[in-house]
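Subject: Structure for you to look at

Hi,

Here is the structure I promised to pass on. Please open it first, and then read my notes on what turned up in it.

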Amino acid sequence: MARALRILIPGAHYHVTCRGNERKAIFSDDNDREAFLEKLRGSLAIYQVELHAYVLMSNHFHLMVSTPRGNLSEFMRHFNVSYTSLYNRRHKRVGHLYQGRYKAILIDQDNYLLELSRYVHLNPVRIGPHQRNPIQEQIRELEKYRWSSYPGYLDGKKKQSWVRYDSVLGQIGESRAKYRQFVVEGMRRGYTTPWEDVTGQVVLGEQDFVEKVKHRLS
């Protein structure tokens with residue numbers, strides 16, 4: 001199968017994910033998770049990439065980023081290599097940590113950024129044993145989950161300086177209460193994913209957005 005095309009556009013928004021090699025864990029403990037976030041913060045600063053949402057799972061991660069300089073590949077190469085090197089040193093191992101290249105989907109921010117942020121933030125209860133729990137218990141589990149940007153969306157006191165909350169919250173009246181309600185509504189009615197709307201494995205957007213991307217690449 002041919003590799004998916006990398007679409008690198010200044011100012012573009014992306015959903016990025018990377019899975020552990022052979023679906024194995026990419027974090028052994030919370031020290032690894034802290035180190036991962038430290039490497040992420042450093043890479044964001046070096047490449048001037050903006051982070052809008054993230055979640056760390058046991059064997060993969062999700063990021064929502066935008067690239068004012070159109071340099072997603074350079075950013076991800078630096079970030080993945082730096083964390084892999086640290087992880088390998090710490091655990092006295094060698095070889096690949098991730099399963100192949102990272103996956104990146106170009107996002108139509110006007111129509112999909114808000115919905116995709118909900119998808120990212122629901123991951124801790126969308127998969128695994130929590131999905132069988134009652135809704136109220138899922139809500140509690142989600143809101144106490146440490147390794148996500150979601151707490152900062154709910155409470156301004158928990159904001160992280162290196163996460164941009166305004167792009168997503170701006171689409172819901174800049175209200176944290178409304179954003180929480182939006183996420184909870186998604187839990188109550190059942191989990192949906194936007195991936196059926198992806199065009200050519202790499203673009204998530206309405207038809208006019210897809211046509212603009214095609215025109216820009218032609």
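Please keep in mind that the model is a predicted one. What does Tyr 47 touch, leaving aside residues up to four places away in sequence? The partners are Arg 69, Asn 71, Glu 74, Phe 75 and His 78. Gly 70 lies 23 residues from Tyr 47 in sequence, and the C-alpha atoms of the two are 9.7 Å apart in space.

**H1 and H2**

Tyr 47 is also one of the residues through which H1 meets H2. Helix H1 covers residues 30-47, and its axis runs 9 Å from that of H2, at an angle of about 150°. Since angles over 145 degrees count as roughly antiparallel, H1 is roughly antiparallel to H2. The crossing of these two helices is right-handed. On the H1 side, the contact includes Ala 35, Phe 36, Leu 40, Leu 44 and Ile 46. From H2 come, among others, Phe 75, Phe 79, Tyr 83, Leu 86 and Tyr 87. Sorted by class, the contact of H1 with H2 has 11 nonpolar residues, 4 polar and 4 charged.

**The second largest pocket**

Helix H2 (residues 72-90) turns up again here: with 5 residues, it gives the most to the lining of the second largest pocket. The volume of this pocket is about 330 Å³. Its lining has 14 residues, and the closest to the centre are Asn 80, His 96, Tyr 98, Gly 100 and Arg 101. How does the lining of the second largest pocket divide into nonpolar, polar and charged residues? There are 6 nonpolar, 5 polar and 3 charged.

**H8 and its two partners**

Next comes H8, starting with its packing against helix H3 (residues 109-121). The axes of H3 and H8 are 10 Å apart, and the angle is about 65°. The two are therefore roughly perpendicular to each other, and their crossing is right-handed. Leu 114, Glu 115, Ser 117, Arg 118 and His 121 are the H3 residues in this contact. They meet Tyr 179, Phe 182, Val 183, Glu 185, Gly 186 and Arg 189 in H8. The classes here are 4 nonpolar, 3 polar and 4 charged.

The other partner is helix H5 (residues 135-143), whose axis comes within 10 Å of that of H8 (residues 176-189). The H5 and H8 axes cross at roughly 135°, and the two helices are therefore oblique to each other. This crossing, too, is right-handed. H5 puts Ile 135, Gln 136, Gln 138, Ile 139, Leu 142 and Glu 143 into the contact, while H8 brings Arg 180, Val 183, Val 184, Met 187 and Arg 188. By class, these residues divide into 6 nonpolar, 2 polar and 3 charged.

Best wishes

Terms used
Residues are numbered from 1 along each chain as its sequence is written. This is a predicted model: local features need pLDDT of at least 70, side-chain atom pairs count only at pLDDT 80 or more; totals for chains, interfaces and linings use all residues. Side-chain values use heavy atoms; hydrogens and water are left out. Axes are lines fitted to C-alpha atoms, for helices over the stretch in contact, and angles run from 0 to 180 degrees between N-to-C directions. Helices (H or I, at least four residues) and strands (E, at least two) are DSSP runs, numbered from the N terminus. Angles under 35 degrees count as roughly parallel, over 145 as roughly antiparallel, 65 to 115 as roughly perpendicular and the rest as oblique. A crossing is left-handed if the near helix is turned anticlockwise from the far one by less than a right angle, and right-handed if clockwise. Contact means heavy atoms within 4.5 Å. Ala, Val, Leu, Ile, Met, Phe, Trp, Tyr, Cys and Pro count as nonpolar, Asp, Glu, Lys and Arg as charged, and the others, Gly among them, as polar. On a 1 Å grid over the protein atoms alone, a cavity is a set of points where a 1.4 Å probe fits but cannot get out, and a pocket is an open set with protein on both sides within 12 Å along at least five of seven lines; lining residues have an atom within 4 Å of a point. Grid points are joined across faces, edges and corners, and a volume is the space filled by probe spheres set on the points.
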